[in-house]
Structure formats: C-alpha cells, structure tokens
Amino acid sequence: TEIMTKADHMKGFWAPRNKRIREWLDLENLLDANAAKNSESYTSNEPMVMMTLAVHLLTGNPISHRVKTLSQADSKKAGQTERFLTSIWRDINEQHALSGNGISWDKALAYWMCMTGWYAIAARTESRGNDPVFIAELLNPMNVYPQYTSQHTQAVAHYYRTTVQDAREKAERWGSSIGSSGQNANDWDLLTLVDYWWKPSLVANAHNTVFILDNKDPLLTPHESAYFDIPIYTGPVGGIPFRGYHEQDSRTWQENAGRSILEPNRQTLKQFNRWMSFLSELARQSAQSPLIISGINLRQQDLKRPIRAGSAILSTQNKDARAVRLDPGRFPLELQAVINVLQGETQRGGFPYVLYGGGNIDLSGFAINQLLSAATKLIGAQKEAIARVIAQMDKMFLESYRKFNYNPITIQGHTTDRRPDWFQEEFTSDRIPQKVFVEAEIKLELPSDMLNRVSIMRQ
C-alpha cells in the first residue's frame, strides 16, 4: 500500500509537466484550436516541419561509438569493442523499426527528446540460454514519473497499458496471477500496470515490484533486483536548471524542467494561428460577400432559402425585390503588420528557413558553420543528451556482457554508413578492455549535405 501511494504521488507531482507536453503535442499534431462552424480557420504546419527537420538533423549521420583506453595492449580490443557496439545498435534500430514503430530507435529517441524535453529508456541485458539479448525499450516520457535526490535517481514509476493476455503471461512468468482483473475479461481487454523501481540506499541494489492499477494486485512482489542502478534511464532535456522541490512558490517548475523545441514558439504560434484564421475569414467574406434582397413589400417567407454568407442564388416571386451585394469594405492593412511581427518571432524561435533545403546548394564554409550554429542553438541540448545517454547504455552493455560471461556472439555491419566496409566476426567478453571509457559522437546532418557531396563528386 505504501508503494502504491508513493507511485500515485509521483504521478500527481509531474501532472503539470504532462499538461504542458500535451500543448506541444497539440501543436505538432496540427490541432485546429480556432475551428468554428461556417468560418474559416488556419493551422500552421511549422511545428510538424520543425520536428521532422530536428529528427533528421540529429539522426541523418550515424552515431559513432568511441572506446578509449590508455593501455597500448588494449588498443586493438578498443577497435573490436567499437564494432561490437555498432553491431548491437544496428540490431536495436532495425528491431524497433520492424516492430510496428515505423522508424528506427535513434529517430524515435530524437523525436521524444525534441517533442517532450524528456527521455525514458528501459535498458538492460537479458540471458536467453546464456546468449545475451541487449534491450533498449523506449518509453513514453509522459508515463514515466521519476523521483530524484541530490545524487541519483531514487525511484521511478512507469504506468503503462497492456492487454490481459500480456498481463497473464507476465504473471505466469513471475509465479503469480492477475486476480480479479482477469475474471470475465477478454484477452484483448486492457489493464494498467505500474512498474515501480526504487533504491533503498546508495549502496543497495535497485528494488522492483509490478502491480495492477485497477485492483492493486501485485504481479511481481517487491524484491531486490540484480541491477545496482535503476534500469530505467529518464531525465529532462533543454529545460531550466532549477529544481523546486522545497520552494513553496515554485509549483509550476515541472512544466519547464524539460523543454520541447516548440516551446519558444508555443504562444507565438497560437497567436499566429488565431490571426491567420481571422485573416482567412476576412478573405472569404471579401470574395463571397452576401447578397441582400431589398425592395418594397418584401417578406422573409418570400425567400426560397435563408440569407447567409456564401450563398450564390437567392430567389423570390416578389417583382419589386432586387439583389444588392454588400460592400466588404477596406481590407485592414494593420493586420499585415501583426502577421509580420509574428512571423519574425517564429523565425527567431525556430530553424532558419534555408535549413529546410530551399537555399543555394553551393554554400561556403562560413555559411555552413552559421547554419550549424543556428541549428545547435535549438537542438544542442538534445544532441548532447542523446550522446550522453547512448554512451551510458554502451557502458552498461559492455559491463553486463563482461560480468555475466555470456556466449560468444557474431557481430556484423558497416563500420560507417558512408563507407561500404562490411565486417563480420566473433566477439567474446575477453575482448572488452578492462578499463574503458566510452563516448558517443553525433554530427548534425544538414539537408543540403547530400547535394553538396554530389556537387563535389561531379567536379
């Protein structure tokens, strides 16, 4: 009961964050907030285009894994270990894309970071017949609720929906049952499970339990896991560096703990959509100004259909009637000034338009550096976070593979996506250097890069 209460408290604590994330999602999904019956409305595609470009910039080039060691004897092992990491991440990317997600793992991670300002990954190494299985499951950050101390992640509650059949299989694997939730339930009915992790102390292993939210029945009883750290990597990206746990006047800091790349333009885009909707309605009324039937002895019931904007034909048997089209009046010139201001603010809060690929492909080195600087201003925090998180998981995969002495595996793939160097070799745990430092490197990919490479090859 105490664990369930803590999990519910953590979920409520991060409610302001989820409320703000929903605003960002509405913008990216092009939700028409100004829709009204018989009126024109407008929704800018800027958020969706920004997200598409941001994901491309962050994942257009392959992520490089750099294994560094000071030992000369381990230098050869470092190269083999780099190929090992390249191989397992290729498998993770392909498996994610082929599992109904539509895009590779790295693109999905970039999307979540750019959209929500958060990341959440359940990463671990499992044994299947002493063969290692490297798992990096991306979670919806809106369903993951962390609790931090000044030194580490103290607890994580993950709420997620799954089918009754999946819950039954989990219960069978863990030697339990789904209790009353399974009575009179179809296999495809949905349940909400809560996967709760916590650290009792700094020196203790992480503890774990899983329970059904609907009836509080435990699927997995509380126990000490084999993991020292909580195997759910989660945290904010690009937000404010202020944590207001103990501040009475900071009840909404959770909204900005992590920030979407859409946040600088959130209010501006709402205003822009509102004014463009107003402008669209004015344009329609000017093009289709209503006809008014006027004349002596004219009765409303003489009209065949009601008068409304956009009507093309009005008829009456009254010979004294005549049709008069209303003058739409002067188009408000001041409206253009408002639109210009909003467009300028949207540009300052987003990517330069030339980044979308519409500029001259013969860019100078200075121009390319300027574009990269402009892109880094907006997605630099996400770029650093992706590199940091992947390097952290690289280290965990290496340590797990060496610690549990799994069977040798066959690694294969390209050394890079730019060179057709194919490798295929056996890899064993003794090839991992004893003291190793891992870095992940990301290079931004401009839309014009491919065109520039083609231009160079033609010269």
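Which residue takes a positive phi in the hairpin of S7 and S8? In that hairpin, which has 5 residues between the strands, Lys216 takes a positive phi near 65°.

## Basis of the report

This is a predicted model, in which local features need pLDDT of at least 70 and side-chain atom pairs count only at pLDDT 80 or more, while totals for chains, interfaces and linings use all residues. Residues are numbered from 1 along each chain as its sequence is written, and side-chain values use heavy atoms, with hydrogens and water left out.

## The hairpin

Strand S7 (residues 207-212) pairs with strand S8 (residues 218-224) in the antiparallel sense over 4 bridges, where pairing requires that DSSP finds at least two bridges between two strands. Strands (E, at least two residues) and helices (H or I, at least four) are DSSP runs, numbered from the N terminus. Within this pair, Phe211 stands opposite Pro218 in S8.

Most residues other than glycine have a negative phi.

## A buried serine

Ser260, found in the loop between strand S9 (232-236) and helix H7 (266-287), counts as buried at 3% relative accessibility, buried being under 20% relative accessible area (1.4 Å probe, protein chains only). The side chain of Ser260 reaches the backbone oxygen of Cys114 at 3.0 Å, and also the backbone nitrogen of Leu262 at 3.0 Å.

Technical notes: Buried < 20%, exposed > 50% of the residue type's maximum accessible area, 1.4 Å probe, protein only. Polar contact = N/O pair within 3.5 Å; in protein donor to acceptor, adjacent residues only side chain to side chain.
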